[in-house]
Number of protein chains: 2
Amino acid sequence: MKKPSESITNYIYGKNTVFETISQNPKRINKIFFSQGINFDNKLKKIKEIAQENSILIQFTNLNKFNKYFESGEKKLTTVNFQGVVASVSPVEYADFETFLNKKSDKYRKIVILDGVEDPHNFGAIIRTLAAASYDAVVIPKHRSSPISAVVEKTSCGAINHIPIIKTNSLPAIVDILKKNDWWIIAADGQSKDNYFDISYKDMNFAIILGAEGEGVSKTLLNKADFKIKIPSSFESLNVSAACAVIVYESIRQIHQI
Amino acid sequence: MKKPSESITNYIYGKNTVFETISQNPKRINKIFFSQGINFDNKLKKIKEIAQENSILIQFTNLNKFNKYFESGEKKLTTVNFQGVVASVSPVEYADFETFLNKKSDKYRKIVILDGVEDPHNFGAIIRTLAAASYDAVVIPKHRSSPISAVVEKTSCGAINHIPIIKTNSLPAIVDILKKNDWWIIAADGQSKDNYFDISYKDMNFAIILGAEGEGVSKTLLNKADFKIKIPSSFESLNVSAACAVIVYESIRQIHQI
């Protein structure tokens, strides 16, 4: 069972974002709008081809009329650079946790749980990193989480179509179920003694929990964690999307490197 | 010899940014503006104390009047959250390359060279990561680089006051001088065979060159590099600030871990 997300906007823009979305998930695209008189580069050509193959409507128009849809984001009107293409889309579909958990996999799986990451740039950047690192899913809470807005879709560069997003009423409940199923729980915690490179990420299913900046991971979840790790820093803690990249790629390094 | 940077704005805002700036570099602060009727938490109290110790003018006012100074940034007017404090500041001073190079150091030094990173969020995030990782400097070109705007200062969380920023007319010239002085040059290059964790960062002075998204590091600089490294990815390349965090912290891991 998949449920549609409550999306702030039904438009996405930018060559990479539209290309990733249409090539990965053409059914999400309702209509493509190209800028009038645009010169088609390779990426725009491919978008047009895939649209035609999938009988998706194409319209040539002045894209400035879409400014208003991106007004409520963080970007100022005048800085929106559509790169010649806008698409109206159906919301991203959330993945079902039970289905994900019970799916047979011949590899160990790795996911990230976001505990209160509300900034859309950070959320989008995290999604992009997880797609790059072939992570298997990201879990977010129903409340205290960034909605999947145009900013998130754009910042993720379309990666949002590559990685299952699981939304839950209760992160502690999800963590309990993972633990019962022999997943290991790793929580980022600035107070931890262990560095993120002191633990092993090999030969196990694991979930990394990252908290909001300032507050960090909630106590309830910290108490459930098998490992707590910190990133050594001589300044403030890292930005959450930078922290995610550092920890996630340490797991990739360990798994890749002999 | 230090030269003032050409700053877009002379205002900074936010508790952490103002606190880091005033505690690290009080001479940069001309005046502090607190929101009228604000409740002073610990951080705001400390800002006030340091201001008084340094005889910096303090004014209580309606901060909304500062909205206009942040209009030209990426943030929409209505989303500016001053967290109760704004400060008028002198521009960040750039560090001199020759002075940096000739400074005696009993440790090996490590720097990052940014080849065309124009996005202020990425630039600020990179500065924050480098401060966290105790890197020794960042080098940027005079052209094709983000100016040190309010967005950069805010995204860096005030880290901009912790790390020397060197601005140059010619990155290739800087790289040549570094090489003559026995520094090793490492360039990020998606086409490389080596992964970022395949090389050693220990027991040497080194510079990591990162390029703009899409374009990457320029050919001239790639040809001068001793090592070329990539971050393995099954999606697009990482965002440049995420890539910076991954590579920089791999060097920290190698140096920390026995």
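This is a predicted model: local features need pLDDT of at least 70, side-chain atom pairs count only at pLDDT 80 or more; totals for chains, interfaces and linings use all residues.
Let me begin with one pair of residues: A:Ala187 stands opposite A:Ile209, which lies in β9(A). Residues are numbered from 1 along each chain as its sequence is written, while chains are lettered from A and ligands numbered from 1 in the order in which they are written.

That pair belongs to strand β8 (residues 184-188) of chain A and strand β9 (residues 206-211) of chain A, which run parallel and are joined by four bridges; strands here are DSSP runs of E of at least two residues, helices are runs of H or I of at least four, and both are numbered from the N terminus. Two strands pair if DSSP finds at least two bridges between them, and in chain A an open sheet of six strands, with parallel pairing, has the order β7-β6-β5-β9-β8-β10. At the edges stand β7 (165-168) and β10 (227-229) of chain A, each with a single partner strand, so one side of each has no neighbour in the sheet. From one strand to the next the twist averages 25°, with axes fitted as lines to C-alpha atoms, for helices over the stretch in contact, and angles running from 0 to 180 degrees between N-to-C directions. Helix α6 (residues 171-180) of chain A packs on this sheet, touching β5 (110-115), β6 (137-141), β7, β8 and β9 of chain A, and its direction makes about 140° with that of β8(A).

Elsewhere in chain A, the axes of helix α1 (residues 15-24) and helix α2 (residues 42-53) come within 10 Å and cross at roughly 30°. The two helices, α1(A) and α2(A), are therefore roughly parallel to each other, a label for angles under 35 degrees, where over 145 is roughly antiparallel, 65 to 115 roughly perpendicular and the rest oblique.

How are the two copies related? A rotation of 180° with 0.0 Å of shift along its axis superposes chain B on chain A, with an RMSD of 0.0 Å, by least squares on the C-alpha atoms of residues with pLDDT of at least 70 in both. The copies are thus related as by a two-fold rotation axis. Finally, 34 residues of chain B are in contact with 34 residues of chain A, contact meaning that C-beta atoms, placed from the backbone, lie within 7 Å.

Terms used
Two residues are in contact if their C-beta atoms, placed from the backbone, lie within 7 Å.
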